[in-house]
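Biologist: I have not looked at this structure before. Could you take me through it step by step?

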Amino acid sequence: MEILTKDDFEILHQCPWDNASSDIAEFLYQDDMGCDIVRCPQCGIVYAKRRLNESGLPKYWGDYLSRVHVLDPEAVVKRNKMYEIDYAFSHQYVSSGRVLDVGCGNGSFMGVYERHGYDVYGVEYGKEAADTAGKTHSVRYGVFDEMNFGDERYDLIIFRGVLQYVPYPTQYLEKAISLLARGGHLFITAQPNMNSFAFCLFEKHFTQPVTGADFIGYTEPALSSYLQSFGLLKVGEKFFYEETPYADVEEDILKMAKGVQYKRAGKEIDFKAPAYWGNMMTLMYHKNM
Ligand SMILES: [Zn+2]
(Lines give C-alpha, C1' and ligand atoms only; values in the text may rest on other atoms or scores of the structure.)
Protein backbone atom coordinates (compact mmCIF):
# COMPACT_ATOMS: atom_id res chain seq x y z
CA MET A 1 0.00 0.00 0.00
CA GLU A 2 1.12 3.57 -0.68
CA ILE A 3 2.18 5.56 2.40
CA LEU A 4 -0.60 7.64 3.94
CA THR A 5 0.09 11.24 5.00
CA LYS A 6 -2.00 13.74 6.97
CA ASP A 7 -3.41 15.06 3.67
CA ASP A 8 -5.09 11.70 3.18
CA PHE A 9 -7.46 12.24 6.13
CA GLU A 10 -10.48 14.42 6.84
CA ILE A 11 -12.15 15.47 10.11
CA LEU A 12 -15.90 15.11 10.49
CA HIS A 13 -17.76 17.83 12.36
CA GLN A 14 -21.07 16.04 12.03
CA CYS A 15 -22.34 12.50 12.40
CA PRO A 16 -22.39 10.97 8.87
CA TRP A 17 -25.76 9.33 9.59
CA ASP A 18 -27.97 12.08 11.07
CA ASN A 19 -25.70 15.17 11.01
CA ALA A 20 -25.64 15.62 14.80
CA SER A 21 -22.61 17.64 15.88
CA SER A 22 -19.52 15.52 16.48
CA ASP A 23 -18.81 17.68 19.55
CA ILE A 24 -21.46 15.78 21.48
CA ALA A 25 -20.19 12.36 20.37
CA GLU A 26 -18.86 9.97 23.00
CA PHE A 27 -15.19 9.00 22.56
CA LEU A 28 -14.72 5.22 22.42
CA TYR A 29 -11.15 4.52 21.29
CA GLN A 30 -8.39 5.47 18.88
CA ASP A 31 -7.52 3.17 15.97
CA ASP A 32 -4.05 2.20 14.71
CA MET A 33 -3.98 5.15 12.26
CA GLY A 34 -4.59 7.62 15.10
CA CYS A 35 -8.27 8.17 14.25
CA ASP A 36 -10.72 8.87 17.08
CA ILE A 37 -13.72 6.53 17.00
CA VAL A 38 -16.87 7.93 18.61
CA ARG A 39 -20.52 7.08 19.21
CA CYS A 40 -23.27 9.51 18.24
CA PRO A 41 -25.59 9.93 21.25
CA GLN A 42 -28.45 10.92 18.97
CA CYS A 43 -28.61 7.98 16.52
CA GLY A 44 -26.33 5.44 18.24
CA ILE A 45 -24.06 4.75 15.30
CA VAL A 46 -20.29 4.52 15.79
CA TYR A 47 -18.08 6.46 13.41
CA ALA A 48 -14.53 7.61 12.75
CA LYS A 49 -14.28 11.33 13.51
CA ARG A 50 -11.01 11.38 11.54
CA ARG A 51 -10.97 9.18 8.47
CA LEU A 52 -9.49 8.62 5.03
CA ASN A 53 -10.56 11.22 2.46
CA GLU A 54 -10.81 11.15 -1.33
CA SER A 55 -7.05 11.13 -1.67
CA GLY A 56 -6.48 8.49 1.03
CA LEU A 57 -9.23 6.10 -0.02
CA PRO A 58 -7.82 5.06 -3.41
CA LYS A 59 -4.38 4.59 -1.81
CA TYR A 60 -5.88 2.38 0.85
CA TRP A 61 -8.27 0.40 -1.36
CA GLY A 62 -6.37 0.39 -4.66
CA ASP A 63 -4.72 -2.93 -4.01
CA TYR A 64 -7.21 -4.21 -1.43
CA LEU A 65 -8.05 -7.31 -3.40
CA SER A 66 -4.49 -8.59 -3.50
CA ARG A 67 -3.52 -7.23 -0.06
CA VAL A 68 -6.43 -8.33 2.11
CA HIS A 69 -8.57 -10.66 0.06
CA VAL A 70 -5.56 -12.85 -0.74
CA LEU A 71 -6.26 -16.32 -1.93
CA ASP A 72 -5.97 -18.02 1.42
CA PRO A 73 -7.75 -21.27 0.47
CA GLU A 74 -9.22 -21.81 3.94
CA ALA A 75 -10.58 -18.25 4.08
CA VAL A 76 -12.12 -18.67 0.63
CA VAL A 77 -13.88 -21.88 1.69
CA LYS A 78 -15.30 -20.14 4.76
CA ARG A 79 -16.39 -17.10 2.80
CA ASN A 80 -18.11 -19.29 0.21
CA LYS A 81 -19.98 -21.04 3.02
CA MET A 82 -21.14 -17.60 4.27
CA TYR A 83 -22.31 -16.74 0.75
CA GLU A 84 -24.49 -19.86 0.76
CA ILE A 85 -25.93 -18.97 4.19
CA ASP A 86 -26.72 -15.42 3.06
CA TYR A 87 -28.15 -16.63 -0.22
CA ALA A 88 -30.43 -19.15 1.50
CA PHE A 89 -31.72 -16.38 3.77
CA SER A 90 -32.46 -13.99 0.92
CA HIS A 91 -34.06 -16.71 -1.21
CA GLN A 92 -36.90 -16.88 1.31
CA TYR A 93 -37.90 -13.37 0.21
CA VAL A 94 -36.78 -13.08 -3.42
CA SER A 95 -36.55 -16.25 -5.52
CA SER A 96 -35.93 -14.76 -8.98
CA GLY A 97 -35.55 -11.51 -10.89
CA ARG A 98 -33.04 -8.71 -11.22
CA VAL A 99 -30.35 -8.38 -8.57
CA LEU A 100 -27.91 -5.54 -7.95
CA ASP A 101 -24.90 -6.25 -5.72
CA VAL A 102 -23.49 -2.91 -4.54
CA GLY A 103 -19.82 -3.32 -3.63
CA CYS A 104 -19.64 -6.67 -5.39
CA GLY A 105 -15.88 -7.11 -4.88
CA ASN A 106 -14.49 -9.79 -7.16
CA GLY A 107 -18.01 -11.01 -7.99
CA SER A 108 -18.06 -14.22 -5.93
CA PHE A 109 -21.34 -13.44 -4.16
CA MET A 110 -22.97 -12.36 -7.44
CA GLY A 111 -21.93 -15.71 -8.84
CA VAL A 112 -24.11 -17.55 -6.33
CA TYR A 113 -27.21 -15.70 -7.58
CA GLU A 114 -26.19 -16.23 -11.20
CA ARG A 115 -25.92 -19.96 -10.65
CA HIS A 116 -29.46 -19.91 -9.26
CA GLY A 117 -30.80 -18.20 -12.38
CA TYR A 118 -31.14 -14.60 -11.24
CA ASP A 119 -30.28 -11.75 -13.59
CA VAL A 120 -27.35 -10.18 -11.71
CA TYR A 121 -25.50 -6.86 -11.94
CA GLY A 122 -22.72 -5.45 -9.79
CA VAL A 123 -21.22 -2.14 -8.77
CA GLU A 124 -17.68 -1.82 -7.44
CA TYR A 125 -15.58 1.13 -6.29
CA GLY A 126 -12.21 -0.68 -6.16
CA LYS A 127 -10.61 -0.68 -9.61
CA GLU A 128 -8.76 -3.96 -9.22
CA ALA A 129 -11.85 -5.78 -7.93
CA ALA A 130 -14.09 -4.22 -10.59
CA ASP A 131 -11.72 -5.36 -13.34
CA THR A 132 -11.59 -8.88 -11.93
CA ALA A 133 -15.35 -9.13 -11.52
CA GLY A 134 -15.95 -7.52 -14.91
CA LYS A 135 -14.28 -10.41 -16.70
CA THR A 136 -17.06 -12.80 -15.82
CA HIS A 137 -19.96 -10.61 -14.62
CA SER A 138 -21.83 -7.45 -15.57
CA VAL A 139 -20.11 -4.82 -13.39
CA ARG A 140 -20.07 -1.01 -13.30
CA TYR A 141 -16.95 0.63 -11.90
CA GLY A 142 -17.29 3.82 -9.87
CA VAL A 143 -19.18 5.61 -7.11
CA PHE A 144 -22.65 4.11 -6.73
CA ASP A 145 -24.64 7.22 -5.82
CA GLU A 146 -23.16 9.11 -8.80
CA MET A 147 -24.14 6.47 -11.36
CA ASN A 148 -26.93 6.89 -13.87
CA PHE A 149 -29.10 3.78 -14.11
CA GLY A 150 -31.71 5.28 -16.41
CA ASP A 151 -34.99 3.46 -15.86
CA GLU A 152 -33.41 0.19 -14.70
CA ARG A 153 -35.00 -1.24 -11.57
CA TYR A 154 -34.09 -4.20 -9.37
CA ASP A 155 -36.03 -6.75 -7.36
CA LEU A 156 -33.20 -7.27 -4.89
CA ILE A 157 -30.43 -4.83 -3.98
CA ILE A 158 -27.62 -6.20 -1.86
CA PHE A 159 -25.18 -4.47 0.47
CA ARG A 160 -23.00 -7.29 1.75
CA GLY A 161 -20.35 -6.10 4.21
CA VAL A 162 -20.22 -2.77 2.43
CA LEU A 163 -21.99 0.03 4.29
CA GLN A 164 -19.16 0.46 6.80
CA TYR A 165 -16.94 1.66 3.94
CA VAL A 166 -19.34 4.21 2.49
CA PRO A 167 -18.48 7.82 3.47
CA TYR A 168 -22.07 9.12 3.21
CA PRO A 169 -24.24 6.01 3.54
CA THR A 170 -27.63 7.72 3.53
CA GLN A 171 -26.94 8.84 -0.05
CA TYR A 172 -26.15 5.25 -1.02
CA LEU A 173 -29.27 3.92 0.65
CA GLU A 174 -31.49 6.56 -0.92
CA LYS A 175 -30.00 5.73 -4.31
CA ALA A 176 -30.70 2.04 -3.72
CA ILE A 177 -34.28 2.74 -2.63
CA SER A 178 -34.85 4.75 -5.82
CA LEU A 179 -33.64 1.77 -7.88
CA LEU A 180 -35.93 -0.80 -6.24
CA ALA A 181 -38.75 -2.20 -8.32
CA ARG A 182 -42.25 -2.11 -6.89
CA GLY A 183 -42.30 -4.66 -4.08
CA GLY A 184 -38.49 -4.93 -4.21
CA HIS A 185 -36.22 -5.94 -1.35
CA LEU A 186 -33.14 -4.37 0.18
CA PHE A 187 -30.71 -6.88 1.70
CA ILE A 188 -28.08 -5.75 4.21
CA THR A 189 -25.84 -8.54 5.44
CA ALA A 190 -22.40 -9.35 6.87
CA GLN A 191 -22.84 -6.02 8.64
CA PRO A 192 -20.96 -5.57 11.94
CA ASN A 193 -23.38 -4.86 14.81
CA MET A 194 -22.31 -2.11 17.19
CA ASN A 195 -24.98 -3.14 19.68
CA SER A 196 -23.30 -6.53 20.04
CA PHE A 197 -21.90 -7.59 23.38
CA ALA A 198 -18.54 -8.37 21.78
CA PHE A 199 -18.15 -4.87 20.31
CA CYS A 200 -19.15 -3.22 23.59
CA LEU A 201 -16.56 -5.30 25.40
CA PHE A 202 -13.72 -5.41 22.86
CA GLU A 203 -14.17 -2.13 20.94
CA LYS A 204 -11.00 -1.73 18.80
CA HIS A 205 -10.31 -5.46 19.14
CA PHE A 206 -13.75 -6.42 17.84
CA THR A 207 -13.81 -8.87 14.90
CA GLN A 208 -14.56 -5.97 12.52
CA PRO A 209 -14.00 -2.71 14.41
CA VAL A 210 -14.75 0.80 13.21
CA THR A 211 -11.55 2.47 11.98
CA GLY A 212 -10.48 5.40 9.82
CA ALA A 213 -10.97 3.08 6.82
CA ASP A 214 -14.05 1.18 8.02
CA PHE A 215 -15.81 4.45 8.75
CA ILE A 216 -19.13 3.60 10.26
CA GLY A 217 -20.62 0.97 12.57
CA TYR A 218 -24.38 0.49 12.56
CA THR A 219 -27.08 -0.81 14.79
CA GLU A 220 -30.28 -2.52 13.68
CA PRO A 221 -32.52 0.22 15.15
CA ALA A 222 -30.58 2.96 13.32
CA LEU A 223 -30.88 1.17 9.96
CA SER A 224 -34.49 0.11 10.43
CA SER A 225 -35.82 3.48 11.57
CA TYR A 226 -34.02 5.26 8.73
CA LEU A 227 -35.32 2.86 6.08
CA GLN A 228 -38.81 2.95 7.56
CA SER A 229 -38.89 6.69 6.92
CA PHE A 230 -38.69 5.76 3.19
CA GLY A 231 -41.44 3.17 3.47
CA LEU A 232 -39.15 0.13 3.76
CA LEU A 233 -40.21 -2.32 6.43
CA LYS A 234 -37.96 -4.89 8.03
CA VAL A 235 -39.28 -8.33 7.07
CA GLY A 236 -36.34 -10.50 8.09
CA GLU A 237 -33.53 -10.43 10.63
CA LYS A 238 -30.77 -12.89 11.59
CA PHE A 239 -27.58 -12.66 13.57
CA PHE A 240 -25.77 -15.68 12.14
CA TYR A 241 -23.19 -17.26 14.38
CA GLU A 242 -23.45 -20.95 15.33
CA GLU A 243 -24.23 -21.98 11.76
CA THR A 244 -21.21 -20.09 10.40
CA PRO A 245 -17.75 -21.59 9.72
CA TYR A 246 -16.31 -18.99 12.11
CA ALA A 247 -18.03 -20.33 15.22
CA ASP A 248 -16.13 -22.39 17.77
CA VAL A 249 -18.68 -22.03 20.53
CA GLU A 250 -16.74 -23.28 23.56
CA GLU A 251 -13.53 -21.48 22.63
CA ASP A 252 -15.46 -18.31 21.79
CA ILE A 253 -17.22 -18.30 25.15
CA LEU A 254 -13.88 -18.71 26.92
CA LYS A 255 -12.42 -15.76 25.01
CA MET A 256 -15.44 -13.63 25.87
CA ALA A 257 -15.06 -14.62 29.52
CA LYS A 258 -11.38 -13.68 29.39
CA GLY A 259 -12.44 -10.28 28.02
CA VAL A 260 -14.84 -9.82 30.93
CA GLN A 261 -12.09 -10.78 33.39
CA TYR A 262 -9.74 -8.19 31.85
CA LYS A 263 -12.45 -5.55 32.05
CA ARG A 264 -13.19 -6.29 35.70
CA ALA A 265 -9.49 -6.19 36.52
CA GLY A 266 -9.18 -2.83 34.74
CA LYS A 267 -6.73 -4.42 32.33
CA GLU A 268 -6.63 -3.36 28.70
CA ILE A 269 -7.78 -6.10 26.30
CA ASP A 270 -4.95 -6.97 23.91
CA PHE A 271 -6.43 -9.86 21.96
CA LYS A 272 -8.98 -10.17 19.18
CA ALA A 273 -12.65 -10.73 19.95
CA PRO A 274 -14.04 -14.09 18.87
CA ALA A 275 -16.98 -14.68 16.57
CA TYR A 276 -20.02 -14.56 18.83
CA TRP A 277 -23.79 -14.26 19.01
CA GLY A 278 -24.92 -10.88 17.75
CA ASN A 279 -21.66 -9.76 16.12
CA MET A 280 -23.00 -9.63 12.57
CA MET A 281 -26.36 -8.48 11.23
CA THR A 282 -28.39 -9.87 8.33
CA LEU A 283 -31.43 -7.71 7.57
CA MET A 284 -34.09 -7.79 4.87
CA TYR A 285 -36.31 -4.81 4.05
CA HIS A 286 -39.35 -4.69 1.80
CA LYS A 287 -40.49 -1.74 -0.27
CA ASN A 288 -44.21 -2.12 0.02
CA MET A 289 -45.21 0.15 -2.87
ZN1 LIG B 1 -25.82 10.39 14.63
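Modeller: Keep in mind that this is a predicted model. Ask away.

Biologist: How many helices and strands are there in the protein chain?

Modeller: Both kinds of element are present in the chain. The count is nine helices and 13 strands.

Biologist: What is the radius of gyration of the protein chain?

Modeller: The C-alpha atoms fill a box of roughly 55 × 45 × 40 Å along the principal axes. For 289 residues the globule rule gives 19 Å, and the chain comes close to that, so it is as compact as a globular protein of that length. Its radius of gyration is 19 Å.

Biologist: Among contacts between residues at least 6 apart in sequence, what percentage join residues at least 24 apart?

Modeller: Buried residues make up 39% of the 289 residues. As for contacts between residues at least 6 apart in sequence, the share that joins residues at least 24 apart is 71%.

Biologist: How many residues does the largest nonpolar core have?

Modeller: Those with the most contacts inside this core are Ile45, Tyr47, Val99, Leu100, Val102, Ile157 and Leu186. Leaving aside residues up to four places away in sequence, Ile45 touches residues including Cys15, Trp17, Met194 and Ile216. The core has 69 residues.

Biologist: Which residue in E11 is the bridge partner of valine 46?

Modeller: Strand E4 covers residues 46-48 and pairs with E11 in the antiparallel sense over two bridges. The partner of valine 46 is glycine 217.

Biologist: Within what arc do the buried residues of helix H6 fall?

Modeller: In H6 (residues 169-179), the buried residues are Pro169, Tyr172, Leu173, Ala176 and Leu179. They line one face of the helix, because seen down its axis they fall within an arc of 125 degrees.

Biologist: Which helix do the buried residues of H6 pack against?

Modeller: Their neighbours include strands E6 (98-102), E9 (154-160), E10 (180-192) and E11. The helix they pack against is H8 (220-228).

Biologist: And within what arc do the buried residues of H5 fall?

Modeller: Helix H5 spans residues 127-134, and Ala129, Ala130, Thr132 and Ala133 are buried there. These residues line one face of the helix, because the arc they fall within, seen down the axis, is 165 degrees.

Key. Residues numbered from 1 in each chain as written. Predicted model: local features only at pLDDT ≥ 70, side-chain atom pairs only at ≥ 80, totals over all residues. Core = buried A, V, L, I, M, F, W, Y, C linked by C-beta atoms within 7 Å. Buried ≥ 20, exposed ≤ 12 C-beta atoms within 10 Å, placed from the backbone. Contact = placed C-beta atoms within 7 Å. Pairing = 2+ DSSP bridges. Helix = DSSP H or I, 4+ residues; strand = E, 2+ residues; numbered from the N terminus. Arc of directions from axis to C-beta. Rg over C-alpha atoms; globule rule 2.2 N^0.38 Å.
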